[in-house]
Amino acid sequence: MYSNMVTLQTLDTIFYEAQRQGRISFYVTSIGEEAINIASAAALTSDDIVFPQYREPGVLLWRGFTLQEFANQCFGNKADYGKGRQMPIHYGSNKLNYFTVASTIATQIPHAVGAAYSLKMDKKDACAVTYFGDGGTSEGDFHAAMNFAAVTESPVIFICRNNGWAISTPTSDQFRSDGIAVRGQAYGVRSIRVDGNDALAMYSAVHSARHMAVNEHRPILIEAVTYRVGHHSTSDDSTKYRPANEIEWWRMARDPVTRFRKWIEINGWWGSEAESQLRSSIRSQIAERAEKPPVNDLFTDVYDNIPSNLREQEKLLKETINRHPKDYPADVPI
Amino acid sequence: MAATFHGVGATVAALSSSSSSSSPSNSFGSKKLLSSPSRSFSVRKRASFTMVRSEGSMNFDLNSKGRRAQQLIANAVATKADSSPASSSSKPGHELLLFEALREGLEEEMERDPRVCVMGEDVGHYGGSYKVTKGLATKFGDLRVLDTPIAENSFTGMGIGAAMTGLRPVVEGMNMGFLLLAFNQISNNCGMLHYTSGGQFTIPIVIRGPGGVGRQLGAEHSQRLESYFQSIPGIQMVACSTPYNAKGLMKAAIRSENPVILFEHVLLYNLKERIPDEDYICNLEEAEMVRPGEHVTILTYSRMRYHVMQAAKTLVNKGYDPEVIDIRSLKPFDLYTIGNSVKKTHRVLIVEECMRTGGIGASLIAAITENFNDYLDAPIMCLSSQDVPTPYAGTLEEWTVVQPAQIVAAVEQLCQ
């Protein structure tokens, strides 16, 4: 668990820097939320279907998504599973049961309930898990989905990453209820509030939640209290709306990775040498120069087979590119 | 698996396989020999009309499958079922109303594939507001026919989530207008996810419900959502108009791997027709030739089909020979059938219930002009509803919908 948390941190740092250098267009970090990401993923099985918001790449990492695959999606090259169609960090992997990230907030919550319903109908030993932030709980989809999960008794775990900020909106402007856990109670869903920066607490909460969800067919809400140390995304500068010393304090004193490391060091399972070895090995794993996806990937997968109107549009585009090759990037295969 | 019809009556020339193949994925672009049985034109005398028994039956394309009882509709609305197949004694198939046809299609698919399920408000034991899902909950259980809370965006989202994990949900909007609340899920997720996930996740969902102008239902319940949804990439839209194509389209939509929106019309639920006993589906991308002709092509869909057919009677009496096509597939358009018709008649009239601005007619005009401009002898005419919310008062409401008299006048003007 620890090495994955470190990997996540390093991954975030590298890609963030890459964005600042102009090599990728956009990135979203999960600094400060590594424990939520990794510990919750560790408590689930690979059959559990994950519906993320966008700040949960750690779950994918835990399940085996390689650093190269992360890079492929961010760079939108030919090897990207999404075929270059989505912005960076919109990862998705069918085989790892991680649903493709959509930019819309909270729309994945009803999806999770539907999937849980489907799992229940198929009587599978699995549950659906969905993540969202404190801001996402204001969306209508959240409320209706919670309500309906309770009514249909679906095995779904709602994990709310209450990190204090929705871009620049603090939770005091987001809601006046006592956090998110009370909302679960209002809908008849068993809820719990956990310290999101405590990896062990997260693990144990998710573990019991999963047990309850799958065996008793009920939804569970976990509110993981944490802090968004990074900016909302690379398009944001959070020092504009919150004091820099607050950010620093959370980064240093309350860092989940450090906290966990101290625990494993005390138990004698880790040391500083292992630490530096780990960190340096991660940085060397990512390649960047790869081919871009071809033009016809613009038209495939809109439907299961390409319809006539799209074929026409594709033809038109190719003709235009052939007529004016200088106006189009040379490194994109046709 | 092709359904074969046993021809009845003198007009049947050949037995040919009618319905499209029932393979699970309708492949785009391949034109199968698909001829939906044409409507017989011989109608019974009715008090409100002086009838000339038209010899329309002779004009038929050779693939006609035998007479169907023509539903003669006074106001192009099926208020009373007029079943009069008395001419032939033992006709094959069975008679039912359109909502029953939808139910039959749904039921057969649910039996055939255990992953098909229904979600919507009051669809369970209540049977649905228009009784399309009546009896299904008792038969298949509450788990497969799910009553949802009043949260359209969310239960559509649920349907999408269920679809990408392997179920084949049929989501019912109690009225199409309510699906405006589900627009976010339909546009941003349903239409997009197959694409943005790089093909990893498919969403074989069917979203259906009644729409269109009803009988004084007020503005909010008389919406034509096809004009709002037509732009969403990734979805398919079809509109049913007869019990035959309602059942066929329902089945095809369920079997399709793409998200399909099936538009039904509030006033057509009580249409009665005789449909075959065999299993059949209607191709999702094909238009239906309702009445072949030579002078003018009239393109229409859903309820307007009946207004057009009524106008066609008058036109035939006046000596015109209109070709009527029910486009059925609203996205994408069946430009093959439409194109052939335009090449034959050189004049096009579109009759729709959508608003003038940004409706299906507007897109259809653009598509035809782009592709078949050289074949047109006159500018395309489009009759549609005005850009007003539908009023409650009956007389006002009647005048927002295109009436047969206007259609006749338009054809006369077009054919000058």
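How much area do chain A and chain B bury between them, and what share of it is on carbon and sulfur atoms? In this predicted model, the two chains bury about 3700 Å², 62% of it on carbon and sulfur atoms. On the chain A side, Tyr117(A), Phe148(A) and Tyr303(A) lose the most area to chain B, and together they make up 17% of what that side buries.

Let's look at the contacts themselves. The interface brings 45 residues of chain A into contact with 46 residues of chain B. There are 16 residue pairs in polar contact between the chains, counting pairs with both residues at pLDDT 80 or more, while the count of salt bridges is zero.

| Element of chain A | Residues |
|---|---|
| strand S1 | 49–51 |
| helix H5 | 108–121 |
| helix H6 | 140–152 |
| helix H13 | 308–323 |

H5(A) gives the most, with nine residues. By type, the residues on this side of chain A divide into 19 nonpolar, 17 polar and nine charged.

Now for the sheet in chain A. Its five strands form an open sheet in the order S1-S2-S3-S7-S6, with parallel pairing. S1(A) and S6(A) (190–195) stand at the edges with a single partner strand each, so one side of each has no neighbour in the sheet. From one strand to the next, the twist averages 20 degrees.

Further in, six bridges join S2(A) (residues 128–133) to S3(A) (residues 156–162). Tyr131(A), for example, has Ile159(A) in S3(A) as its bridge partner. H5(A) packs on this sheet as well, touching S1, S2 and S3 of chain A, and its direction makes about 170 degrees with that of S2(A).

Definitions and conventions
Residues are numbered from 1 along each chain as its sequence is written. Chains are lettered from A and ligands numbered from 1 in the order in which they are written. This is a predicted model: local features need pLDDT of at least 70, side-chain atom pairs count only at pLDDT 80 or more; totals for chains, interfaces and linings use all residues. Side-chain values use heavy atoms; hydrogens and water are left out. Contact means heavy atoms within 4.5 Å. Buried area is the accessible area (1.4 Å probe) that two parts lose on being put together, summed over both. A salt bridge is a side-chain nitrogen of Lys or Arg within 4 Å of a carboxyl oxygen of Asp or Glu. A polar contact is a pair of N or O atoms within 3.5 Å; within protein, one must be able to donate a hydrogen and the other to accept it, and residues adjacent in sequence count only if both atoms are side-chain atoms. Helices (H or I, at least four residues) and strands (E, at least two) are DSSP runs, numbered from the N terminus. Ala, Val, Leu, Ile, Met, Phe, Trp, Tyr, Cys and Pro count as nonpolar, Asp, Glu, Lys and Arg as charged, and the others, Gly among them, as polar. Two strands pair if DSSP finds at least two bridges between them. Axes are lines fitted to C-alpha atoms, for helices over the stretch in contact, and angles run from 0 to 180 degrees between N-to-C directions.
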